[in-house]
Structure formats: structure tokens, C-alpha cells
Amino acid sequence: MRVPCGSAFFDDCLIHNFWRWQVISREHQINDEIRAREVRVVGAEGEQLGIKLFREALQLAIDLNLDLVNVAPTAKPPVCRIMDYGKFRYEQQKKDKEARKNQKIVDTKEVWFRANIDENDYQTKFRNVVKFLGEGDKVKCSVRFRGREITHASVGQKILDRLATEVADLCVMERVPKLEGRSMIMILAPKPTN
């Protein structure tokens, strides 16, 4: 199969796919991209200018050396605001960056127990659970059963109940101990700080 090449081919691709790049690059329709005959216009200071023909609204924006931005395209008629679109996008990106910086990502840490765990091993795992909860992470506590240990699931239940009572002041139980396959799982979440 022969692949077409040459400048005519690329020009044709550019013409047919140009609209796709416009849609991806902006989330609002601005200036000539607006396809409505009448629009409700909001001024640069937030004042209502009323319903105007699109060309009149665009001319108002051009006279003020600003952009006409469609902020509510589904309204009847669409609501357009006169603003500096570049400045608006810059401030929006700053707000988004600040919001991402301040958000707390909650990780889920996992601690495995065995049905016949020794006291020293239990204390080590207990300290890890306390440390993870102190850091603000959720903790998934699991008891694994091997072979015939599954017939004594109550032993795993006792281990998880003991752990839940010892860390009750640090966390809330998001999911009670429940048997899933050959593991009993409980999820603890740190108490919200208000």
C-alpha cells in the first residue's frame, strides 16, 4: 500500500483536522468562535449590559481591547463576558496549582498479620499501624490464613478486634473485619482533624 506524501497531503490534513486543535486548546469559546445570533453580555466590571446581537457584543469587546468569552453556552441566550482571556487563564492556572499544592493525598498502607502471631511481632506491627495513622494514611490490616488455619477464623477476628480497640483513639474503623478468601481484612482511617 502506497502512503500519500507531499505538501498537498499535509495541507489537506491540516485543513480537515484544524478544528480539532482549536477544541482541545481552549475550554471556552472566545470572540469569533461563538456561534449565536444573540448573547447576554456581562461587562468587564461584572455589570449586566443586557441582550445584544453577537456582532454588537464583539464590537464592544474590541473597543475595550478585550475578549468576548462564552461563559455559559447552554443558557438561552448564551452568556458572554467581556474580559482579558489570557489574564483569566493565567489566574485560573494559578488557582488550580495552589489547590493541588494544598490537597492531601491519602495513601493506603497494608499491614499483614498471621493467625499464630507472636506477641513481639504483634507489637512491631502495632507500632507500624500507629505510625501510618499518625502520618494521615489509611491502613488495611489483614490476617492471612494458611492451610487448615482457615477453619479457625475466629483467631484472626480476635487479633483484628484487639488491634481496633488499641488504636480506637487514633482512628475510625472504615470497614469491619470481614473474611475474603483466605484473608480477613479490616480498614482503618485516621480521625479527621477539625
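Trainee: Hi! Among contacts between residues at least 6 apart in sequence, what share joins residues at least 24 apart?

Mentor: In this predicted model, 54% of those contacts join residues at least 24 apart.

Trainee: How much of the chain is buried?

Mentor: Of its 194 residues, 28% count as buried. The exposed surface comes to about 13,700 Å², with carbon and sulfur atoms supplying 53% of it.

Trainee: Let's zoom in. Which residues of helix 4 are buried?

Mentor: Tyr 122, Phe 126, Val 129, Phe 132 and Leu 133 are the buried ones. They lie on the same side of helix 4, because they cover an arc of only 125 degrees around its axis.

Trainee: Why would residues spaced like that point the same way?

Mentor: An α-helix has 3.6 residues a turn, so residues three or four places apart point the same way.

Trainee: Nice. What's exposed on the other side of helix 4?

Mentor: Asn 120, Arg 127 and Gly 134 are exposed there.

Trainee: And what covers the buried residues of helix 4?

Mentor: The cover includes strand 6 (108–114), strand 7 (138–144) and helix 5 (153–166). Strand 8 (171–180) and strand 9 (183–190) are also part of it.

Trainee: Switching to strands: how many residues of strand 5 are buried?

Mentor: Strand 5 (residues 79–83) is mostly covered, with 4 of its 5 residues buried.

Trainee: Which way does strand 2 run relative to strand 5, parallel or antiparallel?

Mentor: Strand 2 (residues 38–42) and strand 5 run parallel, joined by 3 bridges. Arg 40, for instance, has Val 79 of strand 5 as its bridge partner.

Trainee: What about strand 4 and strand 5?

Mentor: Those two run antiparallel, with 5 bridges between strand 4 (residues 67–72) and strand 5. Asn 70 has Cys 80 in strand 5 as its bridge partner, and a hairpin of 6 residues connects strand 4 to strand 5.

Trainee: Last one: where does pLDDT stay under 50?

Mentor: Over residues 17–25, where the model has 3 contacts beyond four places in sequence. For the chain, pLDDT averages 80, and 86% of the residues score at least 70.

Conventions
Residues are numbered from 1 along each chain as its sequence is written. This is a predicted model: local features need pLDDT of at least 70, side-chain atom pairs count only at pLDDT 80 or more; totals for chains, interfaces and linings use all residues. Side-chain values use heavy atoms; hydrogens and water are left out. Buried means under 20% relative accessible area, exposed over 50%, partly exposed in between (1.4 Å probe, protein chains only). Contact means heavy atoms within 4.5 Å. Accessible areas come from the Shrake-Rupley method with a 1.4 Å probe; for residues, only the protein chains shown count as cover. The arc is that of the directions from the helix axis to the C-beta atoms. pLDDT is the predictor's confidence in each residue, from 0 to 100. Two strands pair if DSSP finds at least two bridges between them.
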